[in-house]
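Work through the exercises below with the sequence and the structure at hand. Try each task before reading its solution.

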Amino acid sequence: MIVHPIEPVYDKNSKVLILGSFPSVKSRETAFFYGHPQNRFWKIIAGLYNNPIPENIEEKKQLLLKSKIAVWDVIHSCDIVGSSDSTIKNVVANNILPILSESEITKIYTNGKTAYNLYNKYIEPKTQIKAVCLPSTSPANAAWNLERLLEAWKQIKTDV
């Protein structure tokens with residue numbers, strides 16, 4: 001059983017919550033979200049707001065907060081082999097209710113189908129908020145190039 005090692009990023013001004021499934025091995029090593037150099041998450045968020053791509057944890061946090069985006073993951077703890085979402089078992093979900101009550105979040109998005117399915121199973125019954133599934137920024141989602149991802153992710157700007 002691996003416990004999620006990263007705190008959520010949000011503040012009282014956050015309007016959108018983006019949930020992943022569970023941190024990859026690389027993210028757990030770097031102690032921050034989307035730590036794999038091939039993950040396109042930071043390129044997408046920077047591109048949406050015409051910002052430079054953040055290079056360290058502090059710049060990443062500032063980009064999120066400035067953009068009114070909160071980030072966390074659906075899973076608090078689970079059994080997982082490497083970074084493969086398909087191997088996730090024995091899920092314990094994160095409690096996102098404090099984030100919702102301490103911010104102005106009006107919309108929840110998931111980064112990929114695994115996060116979406118897990119959210120619907122474990123969290124949506126408690127929040128009663130429907131999530132919107134965005135295509136995964138993971139390098140495993142090779143069918144989506146950066147331009148196509150950016151186009152799909154643009155919808156979060158309407159909620160911020």
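Predicted model: local features only at pLDDT ≥ 70, side-chain atom pairs only at ≥ 80, totals over all residues.

**Exercise 1: the chain as a whole**

Task: State which pattern of helices and strands the chain follows, and check whether its radius of gyration agrees with that of a compact globule.

Solution. 
- Step 1. The chain has six helices and seven strands.
- Step 2. Along the sequence they come in the order β-β-α-α-α-β-β-β-α-β-α-β-α.
- Step 3. For 160 residues, a compact globule would have a radius of gyration near 15 Å; the chain has 14 Å, so the two agree.
- Step 4. Along the principal axes, the C-alpha atoms fill a box of roughly 40 × 35 × 30 Å.
- Step 5. Of the 160 residues, 46% are buried.
- Step 6. Take the contacts between residues at least 6 apart in sequence: 65% of them join residues at least 24 apart.
- Step 7. The chain exposes about 8000 Å², and carbon and sulfur atoms supply 52% of this area.
- Step 8. There are 19 positive and 15 negative side chains, with the centres of the two sets 5 Å apart.

**Exercise 2: helix α2**

Task: Decide whether helix α2 is largely enclosed by the rest of the structure, and say why.

Solution. 
- Step 1. Helix α2 covers residues 41-48, and six of these eight residues are buried, so the helix is largely enclosed by the rest of the structure.
- Step 2. The buried residues are Phe 41, Trp 42, Ile 44, Ile 45, Ala 46 and Leu 48.
- Step 3. These buried residues pack against the strands β2 (16-20), β3 (69-73) and β6, and against the helices α3 (57-66) and α6 (146-153).
- Step 4. Take Phe 41 as one case. Its relative accessible area is 0%, so Phe 41 is buried. Leaving out residues up to four places away in sequence, Phe 41 touches Ile 18, Tyr 34, Leu 64, Val 71, Asn 111, Thr 137 and Trp 153. Phe 41 and Ser 136 are 95 residues apart in sequence, but their C-alpha atoms are 8.5 Å apart in space.
- Step 5. Take Ile 44 as another case. Ile 44 also has 0% relative accessibility and therefore counts as buried. Beyond its neighbours within four places, Ile 44 is in contact with Thr 137, Leu 146, Leu 149, Leu 150 and Trp 153. Ile 44 and Lys 130 are 86 residues apart in sequence, and their C-alpha atoms are 23 Å apart.

**Exercise 3: a residue in a strand**

Task: Say in which strand Thr 110 is found, and which residues are in contact with Thr 110 beyond its neighbours within four places in sequence.

Solution. 
- Step 1. Thr 110 belongs to strand β6, residues 107-111.
- Step 2. With 0% relative accessibility, Thr 110 counts as buried.
- Step 3. Setting aside those neighbours, its contacts are Leu 19, Ala 115, Tyr 116, Tyr 119, Ala 131, Val 132, Cys 133 and Leu 134.

**Exercise 4: positive phi**

Task: Locate Asn 50 and Lys 68, and state the phi of Asn 50 and of Lys 68.

Solution. 
- Step 1. Most residues other than glycine have a negative phi.
- Step 2. Asn 50 sits in the loop between α2 and α3, and its phi is positive, near 50°. At 71% relative accessibility, Asn 50 counts as exposed.
- Step 3. Lys 68 is in the loop between α3 and β3. The phi of Lys 68 is also positive, near 65°. At 32% relative accessibility, Lys 68 counts as partly exposed.

Notes. Residues numbered from 1 in each chain as written. Heavy atoms only, no water. Helix = DSSP H or I, 4+ residues; strand = E, 2+ residues; numbered from the N terminus. Rg over C-alpha atoms; globule rule 2.2 N^0.38 Å. Buried < 20%, exposed > 50% of the residue type's maximum accessible area, 1.4 Å probe, protein only. Contact = heavy atoms within 4.5 Å. Areas by Shrake-Rupley, 256 points an atom, 1.4 Å probe, with all protein chains shown as cover. Lys, Arg positive; Asp, Glu negative; His and termini not counted. Charge placed at Lys NZ, Arg CZ, Asp CG, Glu CD.
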